[in-house]
Amino acid sequence: AEDFEVTVVRAVLQSKLRNHELAINDGFVSLHDFQNEKLEEAEIYWHKLKQSLEHFGTELPLLSTLHKTVPLSETALKRAIGAGLKNGELHRLSESRYALSHQLLHYCHCVMNARREGEDLSISNLKARFQVGRNLTIELLEYFDAIHFTRRNGNTRVITGGDGIISKLSK
(Lines give C-alpha, C1' and ligand atoms only; values in the text may rest on other atoms or scores of the structure.)
Protein backbone atom coordinates (compact mmCIF):
# COMPACT_ATOMS: atom_id res chain seq x y z
CA ALA A 1 0.00 0.00 0.00
CA GLU A 2 2.87 2.38 0.82
CA ASP A 3 4.44 1.90 -2.66
CA PHE A 4 1.08 2.75 -4.21
CA GLU A 5 0.85 6.00 -2.19
CA VAL A 6 4.36 7.07 -3.22
CA THR A 7 3.54 6.32 -6.86
CA VAL A 8 0.31 8.33 -6.68
CA VAL A 9 2.00 11.28 -4.95
CA ARG A 10 4.80 11.29 -7.53
CA ALA A 11 2.28 11.19 -10.41
CA VAL A 12 0.21 14.02 -8.93
CA LEU A 13 3.31 16.18 -8.36
CA GLN A 14 4.58 15.55 -11.89
CA SER A 15 1.17 16.44 -13.33
CA LYS A 16 0.98 19.69 -11.34
CA LEU A 17 4.53 20.60 -12.37
CA ARG A 18 3.71 19.96 -16.04
CA ASN A 19 0.54 22.07 -15.77
CA HIS A 20 2.53 24.88 -14.10
CA GLU A 21 0.43 24.76 -10.95
CA LEU A 22 3.64 23.98 -9.02
CA ALA A 23 7.26 24.93 -9.61
CA ILE A 24 10.63 23.88 -8.23
CA ASN A 25 12.53 26.83 -6.74
CA ASP A 26 15.94 26.28 -5.15
CA GLY A 27 15.20 22.58 -4.73
CA PHE A 28 11.79 23.11 -3.11
CA VAL A 29 8.33 22.53 -4.56
CA SER A 30 6.10 25.59 -4.31
CA LEU A 31 3.09 27.19 -5.94
CA HIS A 32 4.05 28.38 -9.41
CA ASP A 33 3.76 32.10 -8.64
CA PHE A 34 5.14 31.92 -5.09
CA GLN A 35 7.97 34.37 -4.38
CA ASN A 36 10.21 33.62 -1.45
CA GLU A 37 10.62 36.89 0.47
CA LYS A 38 13.91 35.71 1.94
CA LEU A 39 15.36 35.23 -1.56
CA GLU A 40 14.20 38.70 -2.60
CA GLU A 41 15.70 40.12 0.58
CA ALA A 42 19.02 38.40 -0.10
CA GLU A 43 19.08 39.94 -3.59
CA ILE A 44 18.51 43.40 -2.11
CA TYR A 45 21.40 42.77 0.30
CA TRP A 46 23.53 41.53 -2.60
CA HIS A 47 22.98 44.75 -4.56
CA LYS A 48 24.09 46.82 -1.55
CA LEU A 49 27.23 44.70 -1.18
CA LYS A 50 27.94 44.84 -4.92
CA GLN A 51 27.67 48.65 -4.93
CA SER A 52 30.11 48.82 -2.05
CA LEU A 53 32.58 46.49 -3.78
CA GLU A 54 32.32 48.52 -6.98
CA HIS A 55 33.11 51.64 -4.98
CA PHE A 56 36.47 50.07 -4.06
CA GLY A 57 37.46 49.81 -7.74
CA THR A 58 40.21 47.21 -8.09
CA GLU A 59 40.98 47.22 -4.36
CA LEU A 60 39.82 44.02 -2.67
CA PRO A 61 38.89 44.83 0.93
CA LEU A 62 38.80 42.34 3.76
CA LEU A 63 35.41 41.18 4.95
CA SER A 64 35.93 43.14 8.18
CA THR A 65 36.34 46.35 6.13
CA LEU A 66 33.26 45.56 4.06
CA HIS A 67 31.26 44.98 7.21
CA LYS A 68 32.17 48.51 8.35
CA THR A 69 31.31 50.14 5.01
CA VAL A 70 28.16 48.25 3.99
CA PRO A 71 25.05 49.10 6.01
CA LEU A 72 24.17 45.45 6.68
CA SER A 73 24.13 43.28 9.76
CA GLU A 74 26.55 40.37 9.88
CA THR A 75 23.73 37.96 9.01
CA ALA A 76 22.55 40.13 6.11
CA LEU A 77 26.14 40.43 4.84
CA LYS A 78 26.47 36.63 4.86
CA ARG A 79 23.20 36.34 2.93
CA ALA A 80 24.41 38.96 0.45
CA ILE A 81 27.64 37.03 -0.07
CA GLY A 82 25.65 33.84 -0.59
CA ALA A 83 23.47 35.50 -3.22
CA GLY A 84 26.50 36.92 -5.04
CA LEU A 85 28.30 33.59 -5.04
CA LYS A 86 25.17 31.81 -6.23
CA ASN A 87 24.62 34.12 -9.19
CA GLY A 88 28.31 33.92 -10.15
CA GLU A 89 29.07 37.63 -9.81
CA LEU A 90 31.09 37.20 -6.61
CA HIS A 91 34.15 35.01 -6.12
CA ARG A 92 35.65 33.77 -2.85
CA LEU A 93 39.39 34.37 -2.67
CA SER A 94 39.66 33.33 0.96
CA GLU A 95 37.59 33.13 4.11
CA SER A 96 38.01 36.87 4.59
CA ARG A 97 38.10 38.26 1.05
CA TYR A 98 35.75 38.28 -1.94
CA ALA A 99 35.97 39.88 -5.39
CA LEU A 100 33.71 40.80 -8.30
CA SER A 101 34.46 39.34 -11.72
CA HIS A 102 35.72 42.61 -13.18
CA GLN A 103 38.08 43.06 -10.23
CA LEU A 104 39.60 39.62 -10.85
CA LEU A 105 39.76 40.37 -14.55
CA HIS A 106 41.96 43.39 -13.79
CA TYR A 107 44.46 41.16 -11.96
CA CYS A 108 44.33 38.50 -14.70
CA HIS A 109 45.32 41.17 -17.22
CA CYS A 110 48.17 42.27 -14.94
CA VAL A 111 49.48 38.70 -14.91
CA MET A 112 49.13 38.36 -18.68
CA ASN A 113 50.86 41.72 -19.29
CA ALA A 114 53.74 40.72 -17.01
CA ARG A 115 54.18 37.46 -18.93
CA ARG A 116 53.93 39.25 -22.28
CA GLU A 117 56.67 41.65 -21.16
CA GLY A 118 58.92 38.74 -20.18
CA GLU A 119 58.72 39.11 -16.39
CA ASP A 120 58.88 36.09 -14.13
CA LEU A 121 55.49 35.55 -12.55
CA SER A 122 56.91 35.62 -9.04
CA ILE A 123 55.16 36.93 -5.96
CA SER A 124 57.46 39.96 -5.73
CA ASN A 125 57.06 40.89 -9.42
CA LEU A 126 53.30 40.47 -9.33
CA LYS A 127 53.01 42.32 -6.02
CA ALA A 128 54.64 45.32 -7.70
CA ARG A 129 52.46 44.85 -10.79
CA PHE A 130 49.25 44.56 -8.73
CA GLN A 131 50.27 47.42 -6.42
CA VAL A 132 48.88 45.56 -3.40
CA GLY A 133 50.35 43.89 -0.34
CA ARG A 134 52.00 40.49 -0.21
CA ASN A 135 49.05 38.76 1.50
CA LEU A 136 46.57 39.86 -1.17
CA THR A 137 49.04 38.94 -3.93
CA ILE A 138 49.32 35.43 -2.49
CA GLU A 139 45.52 35.14 -2.12
CA LEU A 140 45.05 36.18 -5.75
CA LEU A 141 47.69 33.77 -7.02
CA GLU A 142 46.27 30.88 -5.00
CA TYR A 143 42.82 31.68 -6.36
CA PHE A 144 44.22 31.78 -9.91
CA ASP A 145 45.84 28.39 -9.28
CA ALA A 146 42.53 27.00 -7.99
CA ILE A 147 40.61 28.11 -11.10
CA HIS A 148 43.43 26.86 -13.37
CA PHE A 149 44.35 30.28 -14.73
CA THR A 150 47.87 29.73 -13.38
CA ARG A 151 49.88 26.85 -11.98
CA ARG A 152 52.61 27.18 -9.41
CA ASN A 153 56.03 26.13 -10.65
CA GLY A 154 58.52 26.54 -7.81
CA ASN A 155 58.61 30.23 -6.88
CA THR A 156 56.84 31.40 -10.04
CA ARG A 157 53.58 30.85 -11.83
CA VAL A 158 52.84 29.62 -15.36
CA ILE A 159 49.68 30.74 -17.16
CA THR A 160 47.65 27.66 -18.03
CA GLY A 161 44.16 28.87 -18.92
CA GLY A 162 44.29 32.49 -19.98
CA ASP A 163 41.62 32.83 -22.68
CA GLY A 164 39.03 30.53 -21.09
CA ILE A 165 39.23 32.22 -17.70
CA ILE A 166 39.20 35.70 -19.23
CA SER A 167 36.03 34.93 -21.22
CA LYS A 168 34.38 33.37 -18.16
CA LEU A 169 35.12 36.42 -15.98
CA SER A 170 34.05 38.81 -18.77
CA LYS A 171 30.46 37.52 -18.80
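Three aromatic pairs occur in this predicted model. Rings of Phe, Tyr and Trp (its six-membered ring) count as paired if their centres lie within 6.5 Å; planes under 30 degrees apart are stacked, over 60 edge-to-face, and the rest tilted. Tyr107 and Phe130 have ring centres 5.0 Å apart and planes at 80 degrees, so this pair is edge-to-face. The pair joins distant parts of the chain, 23 residues apart: Tyr107 lies in helix H5 (residues 101-116) and Phe130 in helix H6 (residues 123-130). Helices are DSSP runs (H or I, at least four residues), numbered from the N terminus. Tyr107 is buried at 1% relative accessibility, and Phe130 is buried at 4%. Buried means under 20% relative accessible area (1.4 Å probe, protein chains only).

Phe144 and Phe149 also pair edge-to-face, at 5.1 Å between centres and 75 degrees between planes. Phe144 is buried at 0%. Phe149 is likewise buried, at 0%. Tyr143, Phe144 and Phe149 make up one aromatic cluster.

The axes of H5 and helix H7 (residues 134-146) come within 11 Å and cross at roughly 90 degrees. H5 is therefore roughly perpendicular to H7 (65 to 115 degrees). Axes are lines fitted to C-alpha atoms over the stretch in contact, with angles from 0 to 180 degrees between N-to-C directions. H5 contributes Leu104, Tyr107, Cys108 and Val111 to the contact, and H7 contributes Leu140, Tyr143 and Phe144. Contact means heavy atoms within 4.5 Å. The contact residues comprise seven nonpolar, no polar and no charged.

Residues are numbered from 1 along each chain as its sequence is written. Local features need pLDDT of at least 70, side-chain atom pairs count only at pLDDT 80 or more, totals for chains, interfaces and linings use all residues, and side-chain values use heavy atoms, without hydrogens and water.

Conventions. Helix = DSSP H or I, 4+ residues; strand = E, 2+ residues; numbered from the N terminus. Buried < 20%, exposed > 50% of the residue type's maximum accessible area, 1.4 Å probe, protein only. Parallel < 35°, antiparallel > 145°, perpendicular 65-115°, else oblique. Nonpolar A, V, L, I, M, F, W, Y, C, P; charged D, E, K, R; others polar.
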